Amino acid sequence: MKKFLLGLLLAIFAIIAVACSSSKSMEGHDISNMNNSENTQNTKDTNDKGLITKETEIKTGNEFTITAKEATNNFNQDTSLPVWTYDGSVPGSQLRVKQGEKLKIHLKNELPEPVTIHWHGLPVPNNQDGIPGVTMNAVQPGKTFTYEFTATVPGTYWYHSHQDSVNQIDKGLYGTLIVEGKEEKVDKDYTLVLDEWISNPEMANMDMSEGNMEGMDHSGMDMGGSGSSNEDMKSMDSSDMNMEGHDMSMYDLYTINGKSGDSIPSLTVKEGERVKIRLVNAGYMLHRIHLHGHKFKVISTDGQPIKNPGELEDSLVEIAPGERYDLEFIADNPGTWFIESHDESDSAKGMKTKIVYEGTDEKKDQSNQSEQLPVLDITKYGKSQSSAEKNPYDVEYTMDLGTSMGKEGMIYTINDKVYPKTESLNVKKGDLVKVTLRNTSKSDDHPMHLHGHFFQVLSKNGKRVEGSPLMKDTLNLKPGEEYTVVFKADNPGNWMFHCHDLHHASAGMVTEVKYGGFKSDFVPDPNANNMPE
């Protein structure tokens, strides 16, 4: 809730200002040597590569500086809110790098609270994973930390703070990282980051003051650098007020790249072009996305390719928090079309952007977000391979993902325990690790994210995956669902495995994968205020 109280304070300050004036924002991990360089460009309304907003920068090269700082984001003509950002925009700068490049990324913190960067989905060395208190100390206000790793695996990734992430991501601390493969050939390449916000800070604050915890967002009440200490507001932090089936209806501002509704710039294409759409869910709600007017393919998920993807038409692609899906289509149907949300919410009307062919009247509106369409089952999509299990598993775990009432509200559990008391997954380098995930919650999805590794999805509800071999780092489990996944323990360290609905993580749904014999050189600083979730 911090971002909304900050908005309230901003409004109060504005009133005061007016008064005064009247008186008077599973691949390898080799390290190779590359030259360091950085090129920065502002995007135009539309751009052949990258994001589609004026404010966001696209940075290329292999050495970057990212500055965490406050800003104001204009979501649409009617709504502006104070946000926390990487480089002054929501999303933050897009980093576009080449596969195999060694990267050096300097994080400069100009915010009033400690921050980090976690490279979501990209396998990096453990000490570069950005988890405060686990792999590093949080970067303090006024300080700089340098991350160094090699971009080993091509694909669509994103980066975000993992310090008090339930609050800091909610305030806008995220951006995208694109690792370009050596064989990528498209004419247009757009990245669409999906998120949701509360547009009315005053109403949210009113509900809190009346004791209405149902429907409050997960971002707590800590005012950070606005004059109140963490301890002063601790009793109202998000981790103390979770409940199963939490009402998310106050999230009434759905966005693409930090914009909503008519403020989202159109995507321009030419007839005959091959177009890639990279979808990234940086929010805490599942979104069902429809690509209008074209046959398309889902060519990858979480950066990992789908084998022989088939053509889809009038199908919805579900993208859960933390997931990424890459779509590709041929621009062979001139006109004005849409990429739009078909979520069951009036707020979904704000999550759509036009696809406009050059020379076409952009005012023609063919959107139909209420249309009932089938949802793609990614476990049955693409070309299957032999399902024979050639190797025995070295380690097997079962993780029941549940919900129960704690002393201060609902808690989210793994095998009836909350972090840091959850049982870790203890492995050795080279182990083949099988994990059975079961969602025993009655009404909550649990998008589970494994750091530092990709896993293969073997089965869903006891049935083998029928489609392409499915490699992911984030997997959504709906109530009652069971998945079996397997990963190779090929990246030594201590790694988090948690729900990416981050108020579930902040209320306990976190465990760790720990490698036997791994010795970290990280020394926690008791004064760093490390908050890994």
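## Arg 96 and its partner

Arg 96 counts as buried, at 4% relative accessibility (buried is under 20% relative accessible area, exposed is over 50%, and partly exposed is in between, using a 1.4 Å probe and protein chains only). Its side chain meets that of Glu 180 in a salt bridge, 3.0 Å from N to O (a salt bridge means a side-chain nitrogen of Lys or Arg within 4 Å of a carboxyl oxygen of Asp or Glu). Glu 180 sits in strand E11 (residues 174-180) and Arg 96 in strand E6, so this pair ties together parts that are 84 residues apart in sequence. Helices (H or I, at least four residues) and strands (E, at least two) are DSSP runs, numbered from the N terminus. Glu 180 is buried too, with a relative accessible area of 8%.

This pair belongs to a network of salt bridges that links Arg 96, Lys 98, Glu 180, Glu 184, Asp 189, Lys 276, Arg 278 and Asp 326. One of those residues, Arg 278, also has a side-chain polar contact with the side chain of Thr 156, at 2.7 Å. (A polar contact is a pair of N or O atoms within 3.5 Å; within protein, one must be able to donate a hydrogen and the other to accept it, and residues adjacent in sequence count only if both atoms are side-chain atoms.) Thr 156 is in strand E10 (residues 155-160) and is buried, at 0% relative accessibility.

## What kind of model this is

What you're looking at is a predicted model: local features need pLDDT of at least 70, side-chain atom pairs count only at pLDDT 80 or more, and totals for chains, interfaces and linings use all residues. Residues are numbered from 1 along each chain as its sequence is written, and side-chain values use heavy atoms, with hydrogens and water left out.

The protein has four helices and 34 strands. Of its 533 residues, 58% count as buried. Its accessible surface comes to about 21,200 Å², and 45% of that belongs to carbon and sulfur atoms (areas come from the Shrake-Rupley method with a 1.4 Å probe; for residues, only the protein chains shown count as cover).

## Other salt bridges

The structure holds 21 salt bridges. Side chains of opposite charge can pair when their charged atoms come close. Take Arg 324 and Asp 473, whose side chains meet at 2.8 Å, N to O. This pair links distant parts of the chain, 149 residues apart: Arg 324 is in strand E20, while Asp 473 is in the loop between strand E30 (470-472) and strand E31 (474-477). Arg 324 is buried, with a relative accessible area of 0%, and Asp 473 is buried at 0% as well.

Then there's the salt bridge between the side chains of Glu 110 and Lys 108, at 3.5 Å, N to O. Here Glu 110 is partly exposed, at 43% relative accessibility, and Lys 108 is partly exposed at 36%.

## A negative patch

On the surface, Glu 271, Glu 311, Glu 313, Asp 314, Asp 332 and Glu 371 gather in a patch of negative charge. Patches are made of residues with over 30% relative accessible area and no salt bridge, with like charges joined within 9 Å and nonpolar side chains (Val, Leu, Ile, Met, Phe, Trp, Tyr) within 5 Å. Lys and Arg count as positive and Asp and Glu as negative, while His and the chain ends are not counted. Asp 332 sits in the loop between strand E20 (324-330) and strand E21 (336-341) and is exposed, with a relative accessible area of 51%.

Two cis peptide bonds to look at: Val 90 to Pro 91, with omega about -5°, and Tyr 419 to Pro 420, with omega about 10°. Pro 91 is in the loop between strand E5 (80-86) and strand E6 (94-98). Pro 420 is in the loop between strand E24 (409-414) and strand E25 (425-427).

That E24-E25 loop also holds Asp 416, a residue other than glycine with a positive phi, near 70°. Asp 416 is exposed, at 73% relative accessibility. Asp 302 has a positive phi as well, near 55°; this residue is in the loop between strand E17 (296-301) and strand E18 (304-305). Asp 302 counts as buried, at 0% relative accessibility.

Key: The place of a charge is taken as NZ of Lys, CZ of Arg, CG of Asp or CD of Glu.
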